[in-house]
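Please look over the following protein model, which is described below in a short report for a reader who is new to reading structures.

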Amino acid sequence: LGALGALDRGARGGMTTRAGEDQGAELENPQSVEEQIKSVGLGAGALVVGITAADAFNEYAPAGHRPVYFLPGAKSVVVAGGKGPTAGAWRSPNSEVMEAIGYDFRENIAVHVMADFIERELGYYAIQAPSLSTKGHQPPMSMMLAAVLAGLGTRSLAANIILSPEYGMLYYAALITTLPLHPDHPQEKDVCPAPSCVKMYEKLGTTPCMRACP
């Protein structure tokens, strides 16, 4: 209730948080807050949820494509992974299905629910990270990079698709927040490629997953 009251006061006077004016202050129990946020995301339909620091993007993403560019004072990025379109949507002979009703991405719903939780219950700013290209093929912010930094998977031989060690290919969405959180660690071992796939790729220029991917 205290956080709710703080956010209500912020709506009238500039987003005062439970940590006061300093949004970079540590929470009393940050680990429990991280687990709460992940639980909210998983309950909203995400298969996996990971966290990375906002400044972790600085080493890889050019200016204009980093979290702080979209939310001043950004401290953390929370990433959700989901299955994406339904199996039925993939099998439809009508290509418009994937554009119109096939993109029922549950990871986006999970991100919105977590962002609402952060603002409503914790009193920090949160926004969905923009991922749809507005100019050319360059997205405002890379969800593949976000997923790797948050420890949800690693790049694969198949068009750099991010593969989860538990679920394989997933779709990713993320939120940016001024809430300071302890980040997860990137995967230490690549999910792909397996040694047998490396040999097959060197000899034939393809792998089993690349040959099977629609």
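## The surroundings of S156

Leaving aside the neighbours within four places in sequence, S156 is in contact with I161, L163 and C192, where contact means heavy atoms within 4.5 Å. The side chain of S156 also reaches the backbone oxygen of I161 at 2.9 Å; a polar contact is a pair of N or O atoms within 3.5 Å, and within protein one of them must be able to donate a hydrogen and the other to accept it, while residues adjacent in sequence count only if both atoms are side-chain atoms. S156 is found in the loop between β4 (154-155) and β5 (162-164), and here helices (H or I, at least four residues) and strands (E, at least two) are DSSP runs, numbered from the N terminus.

Because its relative accessible area is 8%, S156 counts as buried; the word buried stands for under 20% relative accessible area, exposed for over 50%, and partly exposed for what lies in between, with a 1.4 Å probe and protein chains only.

## How the model was read

This is a predicted model, in which local features need pLDDT of at least 70 and side-chain atom pairs count only at pLDDT 80 or more, whereas totals for chains, interfaces and linings use all residues. Residues are numbered from 1 along each chain as its sequence is written, and side-chain values use heavy atoms, with hydrogens and water left out.

## The protein as a whole

The protein has 9 helices and 7 strands, and buried residues make up 41% of its 214 residues. Among the contacts in the protein with a separation of 6 or more, 68% are accounted for by residues 24 or more positions apart.

How many disulfides does a search of the whole structure find? The search finds 0 disulfides, a disulfide being a pair of cysteine sulfur atoms within 2.5 Å. C197 is in no disulfide, and the nearest cysteine sulfur, that of C192, is 6.0 Å away. C192 counts as buried because its relative accessibility is 10%, and C197 is buried as well, with a relative accessible area of 18%.

Although A126 and T177 are 51 residues apart in sequence, they are 4.2 Å apart in space, C-alpha to C-alpha. When the neighbours within four places in sequence are left aside, A126 is in contact with A115, I118, E119, L175, I176 and T177.

Y201 lies in helix α8 (residues 195-204) and is partly exposed, with a relative accessible area of 36%. Y201 and L157 are 44 residues apart in sequence and 8.8 Å apart in space, C-alpha to C-alpha. With its neighbours within four places in sequence left aside, Y201 is in contact with L157, T206, T207 and M210.

## The loop between α3 and β2

P72 lies in the loop between α3 (67-70) and β2 (76-82), and K75 is found in the loop between α3 and β2 too. Is P72 buried or exposed? P72 counts as exposed because its relative accessibility is 63%, whereas K75 is partly exposed, with a relative accessible area of 42%.

K75 and T52 are 23 residues apart in sequence and 8.9 Å apart in space, C-alpha to C-alpha.

## The largest pocket

The largest pocket is lined by 22 residues, of which F105, S131, M143, Y171 and Y172 lie nearest its centre. The elements that give two or more residues to this lining are α6 (106-122), α7 (143-149) and β7 (171-177), and the largest share, 3 residues, comes from β7. On a 1 Å grid over the protein atoms alone, a cavity is a set of points where a 1.4 Å probe fits but cannot get out, while a pocket is an open set with protein on both sides within 12 Å along at least five of seven lines, and lining residues have an atom within 4 Å of a point.
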